[in-house]
Amino acid sequence: MTEAGRYAFAPIGVVRSPYTSPEGMPIQPVGAAAVTAEVIIDDAYADGLDDLDGFSHIYMLYLFHRAGPVSLKVVPFMDTIGRGVFSTRAPNRPNPIGLSLTRLVARAGNTLTIAGVDMLDGTPVLDIKPYVPALQPDVDVRIGWMEGRSDNFAGLAADGRFRGGPR
C-alpha cells in the first residue's frame with residue numbers, strides 16, 4: 001500500500017493483439033471468439049505460469065491504457081442513455097481495470113496464446129487467474145438495463161466514444 005490508502009500496480013506483461021485502434025475492435029470476448037493474441041509475461045513472473053496450461057480458460061485483468069478521461073456517466077454500447085459507469089463495462093472508470101474471460105490456447109515459456117481477444121495491442125496485463133466453473137456461484141442472474149439486449153453481443157464493435165490516450 002502507498003500513501004493515504006492508494007495502491008500502485010506494476011504490469012506483469014503485455015498483450016500483443018491484432019487491434020491497434022479501439023474502432024472496430026470487439027467490445028467483449030464473445031465478439032472475438034476466433035481472434036487470438038499473445039500475452040507476453042515478463043521473465044520475472046514466468047514461473048507463475050507453471051500449471052496454468054491445464055486450464056481451458058483464464059481471466060485476464062488488465063489496464064485500459066487508452067481509455068478517455070474518467071466519467072461517472074457514460075453512454076454504453078447497446079444504449080443511447082447515459083448510465084452510471086459502474087453499471088457498464090465501459091473503460092472510462094476511476095480505476096481503468098479491464099476483465100476478460102479468454103480461452104487459453106497454448107503456453108510456450110513466458111508466452112500465452114489466448115482466444116476471445118477484446119484488448120488493444122500493448123495492453124498492460126495486471127493479473128491472470130484460472131477460470132473454474134465450480135467456484136462460480138449458481139445464482140438467478142439479473143442484467144439490469146441490459147435486459148432484452150443481450151442476445152447478440154457477437155457482432156458489436158467499438159467506436160470512438162471512449163477514446164483517450166495512454167494513461
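A residue is called partly exposed when its relative accessible area lies between the buried range, under 20%, and the exposed range, over 50%. Lys-129, with a relative accessible area of 39%, is therefore partly exposed. The model described here is predicted.

**Strand S7 and its partners**

- Strand S7 runs over residues 111-115 and is mostly covered, with four of its five residues buried.
- Strand S2, residues 36-41, pairs with S7 in the antiparallel sense, and five bridges join the two.
- Within S7, Thr-113 stands opposite Glu-38.
- Strand S6, residues 97-108, also pairs with S7 in the antiparallel sense over five bridges.
- Thr-111 in S7 has Ala-108 as its bridge partner.
- S6 and S7 form a hairpin with two residues between the strands, and in this hairpin Gly-109 has a positive phi near 65 degrees.

**Salt bridge between Asp-121 and Arg-16**

- Side chains of opposite charge can pair when their charged atoms come close.
- The side chains of Asp-121 and Arg-16 meet in a salt bridge, with an N to O distance of 3.3 Å.
- Asp-121 lies in the loop between S7 and strand S8 (124-130), while Arg-16 belongs to strand S1 (residues 13-16), so this pair ties together parts that are 105 residues apart in sequence.
- Asp-121 counts as partly exposed because its relative accessibility is 25%.
- Arg-16 has a relative accessibility of 39%, so Arg-16 counts as partly exposed.

**Salt bridge between Asp-50 and Arg-107**

- The side chains of Asp-50 and Arg-107 meet in a salt bridge at 3.1 Å, N to O.
- Asp-50 sits in the loop between S2 and strand S3 (57-63), and Arg-107 sits in strand S6, so the pair ties together parts that are 57 residues apart in sequence.
- With a relative accessible area of 41%, Asp-50 is partly exposed.
- Arg-107 counts as partly exposed too, at 25% relative accessibility.

**Salt bridge between Lys-129 and Asp-127**

- Lys-129 forms a salt bridge with Asp-127, and their closest N and O atoms are 3.1 Å apart.
- The relative accessible area of Asp-127 is 29%, so Asp-127 is partly exposed.

Key:
Residues numbered from 1 in each chain as written. Predicted model: local features only at pLDDT ≥ 70, side-chain atom pairs only at ≥ 80, totals over all residues. Heavy atoms only, no water. Buried < 20%, exposed > 50% of the residue type's maximum accessible area, 1.4 Å probe, protein only. Pairing = 2+ DSSP bridges. Salt bridge = Lys/Arg side-chain N within 4 Å of Asp/Glu carboxyl O.
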